[in-house]
Structures are given as structure tokens and as C-alpha cells.
Amino acid sequence: MSGDIYKKPILFAVVSAVVILIGTIATMFIPMLTPQMHPKLENLKPYTPLQLVGRDVYMSEGCHYCHTQTVRPLKTEVMRYGEYSKAGEFAYDHPFLWGSKRTGPDLARIGGKYPDAWHYGHFEDPQRFFAESNMPKYGWLKGYPVDPVEAEASVKALGLPYTKADIDALKGKNKLDAIVAYMQVLGIAVAKKPAASSAQIMGDKKNPLSGNASAIAAGKKLYDANCAACHGAEGKGGIGPSLVDNVWLYKEGDVSDGFIYTVIAEGTTAGKEIEGRTAKGGMPPYSSMFDQDKIWSMTAYIRSLQNK
Amino acid sequence: MGKDYQYDNQTVNGFIVSSIFWGVVGIVIGLWISIQMWAPSWNIAPYFTFGRLRAVHTNGLAFGLGLGAIFGIFYYIVMRLTKRPLLFPKLARYHLYLFNAAIALAAISLFAGMNQSLEYAELEWPLDLGVVILWVIFAVNIFGTIIKRKEEQMYISLWYIIATVVAVAVLYIVNNLSIPVTLTKSYHLFAGVNSANVQWWYGHNAVGFVFTTPILAMFYYFLPKSTGIPIYSHRLSIISFWSLVFAYLWTGAHHLVYTPLPDWIQTLAIVFTMFLIAPSWGSVVNGYYTVGADWSKMRTNYLTKFFILGITFYGLQTIQGPTQGLRIVSQLIHYTDWVPGHVHMGTMGWVTMTAAASIYYIIPKIYNTQIYSEKIANIHFWFVLVGQLIFSVTMWITGIQQGALWKATNPDGSLAYSFMEGLAKNYPYWQLRTLGGIIFTVGMLFFIYNIYMTIKRGNMASSKA
């Protein structure tokens, strides 16, 4: 090859541009023109104005630097977070917010996992829920009202459907309300898989660790770290119901150890029937996080709280 | 050489001093956010939370320190390799003022939470327009000066400079296409999976054409200048150049392994990423063989070790990076602290080391003097080397640990560790990382002091360089 190109800067620049554009066209531009890059799940709903404002807050505060929004199709990841992410879940995401680092947990399936009250409490004081958390406090977002004019401009810019009532409803809302609304819509276009049934494990519904002092001590440790933020340090309730008043899923009366085990393991998905009681949602399942011993230990500890 | 013209040293100097200033801002904020990782009370809402400061840190260093140094050093190199002054010296001066105004506005807007939420393309659309204007001004001067050059053959560094100018323009414009809502807010034109593909095509190539090709331009120019030894193989540099700029653009999707992006794009990216080892190591080998003509330069010329350690970290970086792209490795370390460990080996070990050495070469030349103290330069070298190694190694260890804890299961198949248990185990490593950062910062302070004292005793007005 002649060395001429190294004496002709314009030719050199043109050839460089062409070389640079080959990979660009092959991996970025051509795929963009194909439907595989624009999938949309059937039951994916566009963001409401309030949810979109919440998403703007998420972007503005750089939440994506510490939280991902994509569950990889890996066994333990699906166990920890839920169903792996589908391409069609992100059609309204300008831009995508998959992130690149998990200083905090993935949020792709956070929608509906906890009640709103949990999110308000956690944004205000993450350390009350997880003592060792390094998340900053975001209660100050309450002091920033949602601007309905900008919100309307935003949904219009993205061409999302909205009604005047949606915009009117923003009056009096603040940015904390908005980001909680956004949290609750994340990942809900894909149905949650029910937690594995605990029926096999429960046996005769009696706790094998019942009254075992070391199990109760272990259960207390787990309870303090994972349950106390919602149910109170002594089980007297808060975001979640009291565990010492003998009302279980809205009905007074005794339940078996197996009932408590099932609620911890499988959560309280709305409509779920456990021992003749009907759940209305609120508590996530913990079966992928705790083995049987741990759940029985917590059950033993909760029983010990009742007897106090 | 008889001189019938003057090089525009003041603009070069202005960019270098500006870049050092923005470097201090970026590094201090880097230390701050490293502390926030283990002490959340260091978040001061709303302006100084981690989520806002991280963007100021990355933009301040990539664009304030990085681009500032690149602009100044490119002007210096281009004038020497074309044997003429800049075609538009006044325009270059406006470029300098505009650059500083843009970086200042960028920092303010990021503190204020104006963030497009595209990594390394955070700035909102009015600032993007400003950056495009800046780049056009820069390109006009660089191309104009090269076209009107007095030296027929274009040396290797000019190839990398031309590729940088062309590629950054394409990358920056495409990824910043957005739908404006207000002056301070916009949405990415692209959505979902497609948005991810465009962003990481940009994101990875921003690394390629801001942290790789410009630094190679410096390396190929200043290594022979400092050592007095010509580059070992011209042919190797030709092969390395063309294969590097060809392959880089295919690799962005290795940032999206195991995401919903179509598998074929991921796989293609992984394959080209593996291929990239070859051209990267082409430059590494060329650097080693160049100094290989006389290894005593490592002792006798204080700059040689900066360049050789710099290119060594480039070599390690370009082995580690492709390895991370492999699915088997990605599933363990992606999203963990391993990744910041990787990034900082490149930025602290390769980019900063090479740029600092280039500045050590330039400042005494344009001030007609000698470096104030080689001894201080050596202290600087050891501090930044040790600081960077502590940073990277601790992050690699805790990254592997995190990945392993996330995957660990009990005998009954349930997860062995809650997310919080995994997070808490990072704290000692995050604290060590801050220590590494402090050591690195002390090293940079030695560098700044050395440059300051050199400028103080020199005299630019009489420059005939």
C-alpha cells in the first residue's frame, strides 16, 4: 500500500470516518431500523404524569448510579429479584435506566413488592429499615412540589396519553409522592411468579424449633434485621400489622405455626388464601432469602413475642 | 532552527492550567463520594448527594481534566508536527474561554440535578450544543493547521488526533439526540433496548476516543521526545492504528451482557472486544521495544517510567476489559465494585500518568526552563502508582466477593446472603479505597506544586520553542 494517505489529511479523515462508521452501522444503526429493537409487551402501560415525574426525579437524583433496573437471566438473580427482564418492558423508557452498578439492589421488580408506606418510610430513613445501608436520605423531596405545567409538557414531549384530570391530580403532590408512584410501577407488566408453595415443608404445621431457646435467639436477630422496620421492634406493628394482637390477616383467632411460616415464605399477595383467611397484599415473600431453619426460627421468635 | 514565527504557547498553557484546576475539583469530589460510600451522613441534600456528585466527578475529570489536557496537548503536538503555528490562534483562545465556561456551567447544572441520565453524556441539551460548537472550533483549527502544514509526512500522533476529532463528533452528536421539554430538561430520542444500545455504543467509545486514542497520540509523540529513541516499528503502529479504530465501534454492547438486548449484538461485541487486545497490545509492544533499545532510560530519564508504567496499565486494562466482556466473567463481576476498579486503573494508571508526563515535558519547554524538581516528580510518580494500585486491587477483591455472595445458596437452594449482608462486607474495602484515593491525591499535589514552581521560575515571553 502506498504511504500517500499519510500525506493527505483530508483523505485520511474520510477513510478514518468510514472505518469508524462500519461498526457503528452494523451494530447500532441497522438494528435500530428493525422491530427487534422496538418491542412492547401487550400489558405494558404508558407512564401516568405522576409516574413520569417520579421517573424524572429518579434521573435527576442519579438513582441509576447505584441501582440497576434489569434482572439478568441467572438463577440466583431471578430468585433474589424476580422474573428476568424482558426487552418489551422498556418501550416507554426515554432513556433506559438499566444502570451499571448495584451499590444498592436491583429495582426492576420493585413495583408492588412493598406497600407505599414502606417506600415513604424507607426514603426518609433507609437506615431505620436496614441499619447498615449506605443509601442517602431522601425525605427532603417532600419539600419540592410537583409542577403540573412541566409535567404536562413532559408527557406531551413523549407523546404519552393523559387526561386533564391526571394533571389536576398533581396539585398538592410533591416529588416524594411522585418517586413512590414510580417505584410502584416498575416491572409490573410481567406477572409475578407465585413463591414456591411451602405445603411440603410445613409437615404437620408444627414448628420443629418451637420453644428452642437458641432458635428464638437466632430468630430475634433475623427479625430485628428484616421485619422490625415494618412490624415494630416488639411486634406491635407499624407499616405492617401487629403480630401480638392475635389478629391474623384481618381475623382474630389462633393460627398454626404453619400459617406464620407460609406468610413469611410466600408473602401476602392479594387474594391468597391461607387457613381460611384472605390476604390483601403488602408483604413480599422471603422463601428465596431464608432457608427453612431461619423461617422456623423467626416463627418461634414471633410466637415468643405473643407470649410476652 | 531559525524561527520566523511564534508558537502559540499561551493557549497551550491556558488549557493545561485549566485542566489541572478542573482535575483538582474532580479529584476532591471523587474523594468525597468515596467517603459517602461508607459514611452516608456525608450526603448533604440536595446538591451534594452521591447521585449528583458522581456525575460532577466523572464529568469534571473526563471533560475538565481529560479534554482540557487533550486540547492543550493536541495544540502543542500539532504545531510541532506541522512545523507551523495554529492556523487560527485567536480562535484557539476563544476555544479556551468557551471550554472553561462550558465546564463551569456543566458542573453547576449537575449539582442542580440536570441530568440526561446517560453515563458520560449527562449534560442537558443546551450544554450539548455548546460542546458541539466547542468541538467544531477545535476541529477547524486542527484540520486547518494540518492541511497548511510545513512537514509533508503526518506522524503517528496526527493519525490518532484526526481519528479522535472525527469519532468524538459522531459519537457525541448521535447519543445526545434528545426531545427537549424545557431549557434544563430533555428525554433521550431513543427508547428502551434501543436507547441502551445507542448509549453504550457511545459510552464505550467515549472511553475509546477520549481515554485511548488521544492518550496514544501523546504517548507516540512524547515517548520518543523524552527518551530520544525513535518509535520501534512504524509498520506496527500502522496496523495498530487501523485495527483499533475499526474494532472499537463494534464493542459497546459488552456493557449490556445478559440484558434484554438481542443476543447477537452482545456476542458480536464480545468477539470484537477480544479482537481489540491485538491492536491495543500493538502499541504496548511498540512502546516496550522502543525503550528496549536502551532500558537505562528508565533510570536516567525521569519521564520514561511514567510512559512505560502508563502503557503497562493500558496493556493490563486492555486484557482485563475484554476478559470482563466474556459471559462467564460478566455474570460474576458485572454491577459489582470490580468495575470501578477496572475503570480507575485506566484513568489513574494510564490516562493521568501519561498526560502528567506530557505536561512535565511541555511546561519547561514553553517556559524556557528545566523542571523544578525531578525528585518531586519521582515522589509524585510513586504516590500516584501506590494510590491507584490500592484503589484498583481493593475494588477487584470486594467485587469478586460481592459477585460470589450474590450467587451463594444454602443446601436447600435458598439464597445464602441477603443483599444487605453482601453490602456490609464492602465497607472495609470502601474505606481502603478512600485511603488509596488520598495517597493518589497527595501524589497529584506534588505534581501540581512541581508544575507551579516550574512556571514560576520560567519565562514564557522569551520562548523560542
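This is a predicted model: local features need pLDDT of at least 70, side-chain atom pairs count only at pLDDT 80 or more; totals for chains, interfaces and linings use all residues.
## Overall form of chain A

Chain A contains 13 helices and four strands. Its radius of gyration is 25 Å, well over the 19 Å that the globule rule gives for 308 residues, so chain A is more spread out than a compact globule. Taken along the principal axes, the C-alpha atoms of chain A fill a box of roughly 90 × 50 × 35 Å.

Of the 308 residues in chain A, 54% count as buried. When contacts in chain A with a separation of 6 or more are considered, 69% of them are accounted for by residues 24 or more positions apart.

## Overall form of chain B

Chain B has a secondary structure of 17 helices and two strands. A compact globule of 465 residues would have a radius of gyration near 23 Å, and the 22 Å found for chain B agrees with that value. The C-alpha trace of chain B spans about 80 × 55 × 45 Å along its principal axes.

Among the 465 residues of chain B, 66% count as buried. Of the contacts in chain B between residues at least 6 apart in sequence, 82% join residues that are at least 24 apart.

## The domains of chain A

The domain assignment divides chain A into domain 1, covering residues 49–183, and domain 2, covering residues 199–306. The contact between these domains takes nine residues from domain 1 of chain A and nine residues from domain 2 of chain A. Taken over C-alpha atoms, the centres of domain 1 and domain 2 of chain A are separated by 29 Å.

## The second largest pocket

The second largest pocket has a volume of about 1,100 Å³, and 43 residues line it. Of these lining residues, A:Lys193, A:Pro194, A:Ala195, A:Pro285 and A:Ser287 lie nearest the centre of the pocket. By class, the lining consists of 19 nonpolar, 13 polar and eleven charged residues.

Both assigned domains of chain A take part in this lining, since domain 1 (49–183) and domain 2 (199–306) each provide at least three residues. In terms of secondary structure, helix 3 (75–81), helix 12 (257–266) and helix 13 (292–306) of chain A each supply at least two residues. The largest share of the lining, four residues, comes from helix 3 of chain A.

A:Glu83 is placed in the loop between helix 3 and helix 4 (116–124) of chain A. With a relative accessible area of 16%, A:Glu83 is buried, because that value is under the 20% cut-off. Leaving aside residues up to four places away in sequence, A:Glu83 touches A:Val71, A:Val78, A:Arg109, A:Val190 and A:Lys193; A:Lys193 is also one of the residues that lie nearest the centre of the second largest pocket. A:Glu83 and A:Pro73 are ten residues apart in sequence, and their C-alpha atoms are 8.0 Å apart in space.

The loop between helix 3 and helix 4 of chain A also holds A:Pro95. The peptide bond from A:His94 to A:Pro95 is cis, with omega near -5°.

## Other backbone features

Most residues other than glycine have a negative phi, and most peptide bonds are trans. In chain B, a cis peptide bond with omega of about -5° joins B:Ala45 and B:Pro46, and B:Pro46 is found in the loop between helix 1 (9–36) and helix 2 (50–82).

A:Glu275, although not a glycine, has a positive phi of about 45°, and its place is in the loop between strand 3 (273–274) and strand 4 (277–278) of chain A. At 33% relative accessibility, A:Glu275 counts as partly exposed. B:Lys83 is likewise not a glycine and has a positive phi of about 55°; B:Lys83 is found in the loop between helix 2 and helix 3 (89–111) of chain B, and with a relative accessible area of 34% B:Lys83 is partly exposed.

## An exposed lysine in chain B

B:Lys375 is located in helix 15 of chain B, which covers residues 374–407. At 64% relative accessibility, B:Lys375 counts as exposed, because that value is over the 50% cut-off. B:Lys375 and B:Val442 are 67 residues apart along the chain, and a distance of 15 Å separates their C-alpha atoms.

Definitions and conventions. Residues are numbered from 1 along each chain as its sequence is written. Chains are lettered from A and ligands numbered from 1 in the order in which they are written. Side-chain values use heavy atoms; hydrogens and water are left out. On a 1 Å grid over the protein atoms alone, a cavity is a set of points where a 1.4 Å probe fits but cannot get out, and a pocket is an open set with protein on both sides within 12 Å along at least five of seven lines; lining residues have an atom within 4 Å of a point. Grid points are joined across faces, edges and corners, and a volume is the space filled by probe spheres set on the points. Ala, Val, Leu, Ile, Met, Phe, Trp, Tyr, Cys and Pro count as nonpolar, Asp, Glu, Lys and Arg as charged, and the others, Gly among them, as polar. Domain bounds come from an automatic or database domain assignment. The radius of gyration is taken over C-alpha atoms; the globule rule is 2.2 Å times the number of residues to the power 0.38. Buried means under 20% relative accessible area, exposed over 50%, partly exposed in between (1.4 Å probe, protein chains only). Contact means heavy atoms within 4.5 Å.
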